[in-house]
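Biologist: I am new to this structure and would like a close look at a single part of the model. Please begin with its disulfide bonding and then describe the surroundings.

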Amino acid sequence: MRVLPFLGSFVALIIGATSILAEEAAVVHDAEYYILEAQNGKVWEVEDGELDKKLAELKEKYGTTPNLIHLMWDDQPFGAVGIPAMQQLRGFETPNLNQMASEGLLFTRMYTEPSCTPTRAAAWTGQYAIRSGMYSVGFPVEYEGFAAENITIAEVLSDAGYSTGFFGKLHLGDIEETYPHNQGYDEAFTALYNQAVSLWNTHAEAANAVVGLKSELLAENRYQKDETFVRDGYVFYIEGEKGGPTREWCGIEAECYRKFDIEARDRTFDFITRNAEAGKPFYAAWWPLWTSFLPEAPKETLQRGLVAESYHKYLDPDVGQLMALLHDLGIAENTLVIAMSDNGPMTHNPPAGAGLGEGPFRGGKGDYLEGGVRVSAQAWWPGMIEGGRIAGDIVHVTDLFTTFARLAGALDHIPTDRVIDGVDQTSLLLNGDGFSRRDNVMIYSGPVLGASVKDHYKTHWLSSSTQALGGLTSVYDLYNDHREENPIVVGGFHFKEPFRRMRARHEMWIQKYPHIPRAHGPAYGGIENARPETVALSEAPEALKNLPFGMLDYIEQLPNLPFDPSGDVGIGGN
């Protein structure tokens, strides 16, 4: 391909400038970051000096760098928690989560990935999920997952002397290298999949809430020819410690599902208490399953949906206990808590009575619209974050990775052979509104770039509009059109080329730092108490031992299957 001389010089200039800055900063960010750093770096340097003094004083007082807790649950739009007036519209309240917001910092522009698996991968790696290959969602049995070549926040913080614990829903695959205790966590209590498995049991089959799964409850089907198409032996919950064995926990029946969150909460609190009493800094990822597709009686909220009932009965009381525990242990001032949803609500074909609906933005789970990626989020850090603050700045879930590393004194442990999309947002946390170091977001729809945001303007790269297909790029002014319903065309032509250049820089960096593909292999490896039917899932049944291909030969073909965005719809299903 021929490159115009001036364009070649421009690209060389950008590559040269970013290479120098990346060398100085060690962490390699996406290209757009360096555009901002070149214009704001001197101001940031002064801010960092002041922040370092403040953090040094905190360490002097407590003897350790701050503890870090990341609480994340599923499928909630901006305004679901932290804003009582919006809750009145929806028929429930969360007094403890609202108290946390009022005592801390409420984010109005926290962006995630469009669905659950991508967001969780982004939080683990500080990268857009496309970079780790974890952009799509799987269900049992996957035979694939998060690759060992990735570097997680647990590994970075462990190298800095932190105790690290994972407690809750993972949904990043079901192969052995994916397990959290094989990805840097000292201890882990893990739900491998999403909330759909609350229906994968005999109770739900009997109620026709799931169909065709539990053959022992079904009538004999004389037309069935393949008894291996759907097989049993799934593993939903595991536990393990770094370097130790993996064990299945409880089982797969309905009672295990509800017990899981209670056990995860108790283990989280025990982990916090043990490390606080030992005087050791810790990082806890507490990601509860939160909702079940099997409703419970009696109803306690006016909404009566799965969402409201789960807030009222479980999540909000647990958050109250967490804040009380941190105060009782005397470590609240030395502990940062980030509480947030993982993506927008299931607005496409939600289950009846779920209580899932749009917030102020259009769209939901699986969408690159604001409703799919702009979520409820808040930060709580008594004595460090001034209460009652609201931030209008752009923040992305990947920023937690880099911010946590900075607070832990672990920036030197971040790998420098890959792009880290997350930027350090310590200044935003401690200085408040206007101090973000990000003004842009790339929003992927599976493996394809769906939209880009710059400041309060947004362009859609994917569109069924014949005008867009013809190259007449439209933009949305998110302050005046937050539902993305009235694109600006003629009045926004001056945005077309800047957005294209922004995308070109992003894709240039992808060429320089290629993605890591997801890994593939036998499911449920290394489980020492694996049931025979679980082991059989990765082995050929007796009737299939003489096939002209191996039982798992197809695994290598999984990444080549076309991406189906319709599979990315559903609460917890993403």
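Modeller: A search of the whole structure, which is a predicted model, finds one disulfide. Cys250 and Cys256 form this bond, with their sulfur atoms 2.0 Å apart. The torsion about the S-S bond of Cys250 and Cys256 is about -80°, so the disulfide is left-handed. Cys256, with a relative accessible area of 4%, is buried. A further cysteine, Cys116, is also buried, its relative accessible area being 0%.

Helix 8 comprises residues 254–278. This helix lies across strand 1, strand 5, strand 6 (187–191), strand 7 (237–241) and strand 9, and it runs at about 165° to strand 5. The sheet is open and mixed in its pairing, with ten strands in the order 8-7-6-5-9-1-10-12-2-13. Its edges are strand 8 (246–248) and strand 13 (389–391), each of which pairs on one side only. From one strand to the next, the twist averages 15°.

Within the sheet, strand 5 (residues 163–169) is paired with strand 9 (residues 282–287) in the parallel sense, over six bridges. Phe167 stands opposite Trp286 in strand 9. Helix 4 (residues 95–102) also packs on the sheet, where it touches strand 1 (67–73), strand 2 (105–107), strand 10 (335–341) and strand 12 (377–380). The direction of helix 4 makes about 65° with that of strand 12.

The nonpolar interior follows. In soluble globular proteins, nonpolar side chains tend to be buried together. In this model, the largest nonpolar core holds 65 residues, of which Trp73, Tyr237, Tyr311, Leu326 and Tyr524 touch the most other members. Two or more residues of this core come from each of strand 1, helix 4, strand 6, strand 7, helix 8, strand 9, helix 9 (306–328) and strand 10. Helix 9 gives the largest share, ten residues. Apart from this core lies another, of 53 residues, which includes Phe166, Leu336, Val397 and Leu429.

Tyr524 may be examined individually. Leaving aside residues up to four places away in sequence, Tyr524 touches Pro140, Val141, Asp174, Tyr179, Leu192, Tyr193, Gly233, Tyr234, Val235, Thr534 and Leu537.

How values were computed
Residues are numbered from 1 along each chain as its sequence is written. This is a predicted model: local features need pLDDT of at least 70, side-chain atom pairs count only at pLDDT 80 or more; totals for chains, interfaces and linings use all residues. Side-chain values use heavy atoms; hydrogens and water are left out. Two strands pair if DSSP finds at least two bridges between them. Helices (H or I, at least four residues) and strands (E, at least two) are DSSP runs, numbered from the N terminus. Axes are lines fitted to C-alpha atoms, for helices over the stretch in contact, and angles run from 0 to 180 degrees between N-to-C directions. Contact means heavy atoms within 4.5 Å. A nonpolar core is a set of buried Ala, Val, Leu, Ile, Met, Phe, Trp, Tyr and Cys residues joined through side-chain atoms within 4.5 Å. Buried means under 20% relative accessible area, exposed over 50%, partly exposed in between (1.4 Å probe, protein chains only). A disulfide is a pair of cysteine sulfur atoms within 2.5 Å.
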